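I am opening a notebook on a structure that is new to me. I will look up a few things and write down what I find.

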Amino acid sequence: MAKTKEREVYRGRLKGVGLRHTLPRERILAYLDRKNIHPTPEELYQGLKKKGYAIGLSTVYLNLQVLRDAGLLWEFKDQQGNTRYDGFTEKHHHLFCLNCGKIEDILTKDLPEFNAEPIQKAIESRMGWFVEDPRLELRGFCPDCQ
Ligand SMILES: [Zn+2]
Ligand SMILES: [Zn+2]
């Protein structure tokens, strides 16, 4: 994607949730909007630095919270209890390896027969919840750890 086009995409996403566009926000969103990327704030900070972006760790922390609160990022805990962030915009579920800690994305579109919708419907009709984001977490052992 051309740089200006990309900027417009992130500007639009930020504007859509009432946030101002800033370079750190754009870079964080762009970094996280990829398959199988679920860094801790420190890993994200290192990753952005490696790309040559001058950004402070406290700026990373602060913006992660802002973007999470706005619903642009998903925050979750891994097996070790570390807080991790996910900004991949394609609908997906997570596979957690209980041995090596690997977290792999399962794209909804790649597994059409694996459908969370019936689970969502059952929870809504039987438990009275409104499920806004039906994500599943599956735990087990990755191919390398079996
Ligand atoms: Zn593993
Ligand atoms: Zn993910």
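The entries below go from the whole chain to its parts.

**Entry 1: the whole chain**

I noted before anything else that this is a predicted model. I then looked up the secondary structure and found five helices and five strands in the protein chain. Read along the sequence, the elements follow the pattern α-α-α-α-β-β-β-β-α-β. For the extent, I found that the C-alpha trace spans about 45 × 35 × 30 Å along its principal axes. I looked up burial next: of the 146 residues in the protein chain, 36% are buried. I also checked the contacts with a separation of 6 or more, and 46% of them are between residues 24 or more positions apart.

**Entry 2: helices H1 and H2**

I looked up how helix H1 (residues 3-16) and helix H2 (residues 23-32) are placed. Their axes come within 10 Å and cross at roughly 100°. Angles of 65 to 115 degrees count as roughly perpendicular, and H1 and H2 are therefore roughly perpendicular to each other.

Which residues of H1 and H2 meet? From H1 I listed Glu6, Arg7, Tyr10, Arg13 and Leu14, and from H2 I listed Leu23, Arg25, Glu26, Leu29 and Ala30. I sorted the residues of this contact and got five nonpolar, no polar and five charged.

I then asked which residues of H2 are buried. They are Arg25, Glu26, Ile28, Leu29, Tyr31 and Leu32. What covers the buried residues of H2 includes H1, H3, helix H4 (57-69) and S2.

**Entry 3: threonine 40**

I moved on to threonine 40, which I found in the loop between H2 and helix H3 (41-50). Is threonine 40 buried or exposed? Its relative accessibility is 9%. Under 20% means buried, so threonine 40 counts as buried. Leaving aside neighbours within four places in sequence, I found threonine 40 in contact with Asn82, Thr83 and Arg84. I also looked up threonine 40 and aspartate 78: they are 38 residues apart in sequence, and their C-alpha atoms are 9.6 Å apart in space.

**Entry 4: the zinc ion**

Which protein atoms are the donors of the zinc ion (ligand 2)? I listed His38 (NE2), Asp86 (OD), His92 (NE2), His94 (NE2) and Asp105 (OD). These donors lie 2.0 to 2.1 Å from the zinc ion. I wrote down their spacing in sequence as H-x47-D-x5-H-x1-H-x10-D.

Aspartate 86 is in strand S2 (residues 83-86) and aspartate 105 is in strand S4 (residues 103-107). The two are 19 residues apart, and the pair links distant parts of the chain. I checked burial for both. Aspartate 86 is buried, with a relative accessible area of 2%. Aspartate 105 is buried too, with a relative accessible area of 4%.

**Entry 5: the sheet**

I then looked up how the strands pair. I found an open sheet of three strands in the order S4-S3-S5, with mixed pairing. S4 and S5 stand at the edges, each with a single partner strand, so one side of each has no neighbour in the sheet. Neighbouring strands of this sheet are turned by 25° against each other on average, direction ignored.

How many bridges join S3 to S4? I found five, and these strands run antiparallel. I noted these partners across the pair:

- Histidine 92 stands opposite leucine 107 in S4.
- Histidine 93 has isoleucine 106 in S4 as its bridge partner.
- Phenylalanine 96 stands opposite isoleucine 103 in S4.

S3 and S4 form a hairpin with five residues between them. In the turn, I found that glycine 101 has a positive phi of about 85°.

On the side of S5, I found that S3 and strand S5 (residues 137-140) pair in the parallel sense over four bridges. Here cysteine 97 stands opposite glycine 140 in S5.

In strand S3 (residues 92-97), five of the six residues are buried, so S3 is largely enclosed by the rest of the structure. S4 is mostly covered, with four of its five residues buried.

How values were computed: Residues numbered from 1 in each chain as written. Chains lettered and ligands numbered in written order. Predicted model: local features only at pLDDT ≥ 70, side-chain atom pairs only at ≥ 80, totals over all residues. Heavy atoms only, no water. Axes fitted to C-alpha atoms, helices over the stretch in contact; angles between N-to-C directions. Parallel < 35°, antiparallel > 145°, perpendicular 65-115°, else oblique. Contact = heavy atoms within 4.5 Å. Nonpolar A, V, L, I, M, F, W, Y, C, P; charged D, E, K, R; others polar. Donors = N, O, S within 2.8 Å, 3.2 Å for Na, K, Ca; no water. Buried < 20%, exposed > 50% of the residue type's maximum accessible area, 1.4 Å probe, protein only. Pairing = 2+ DSSP bridges.
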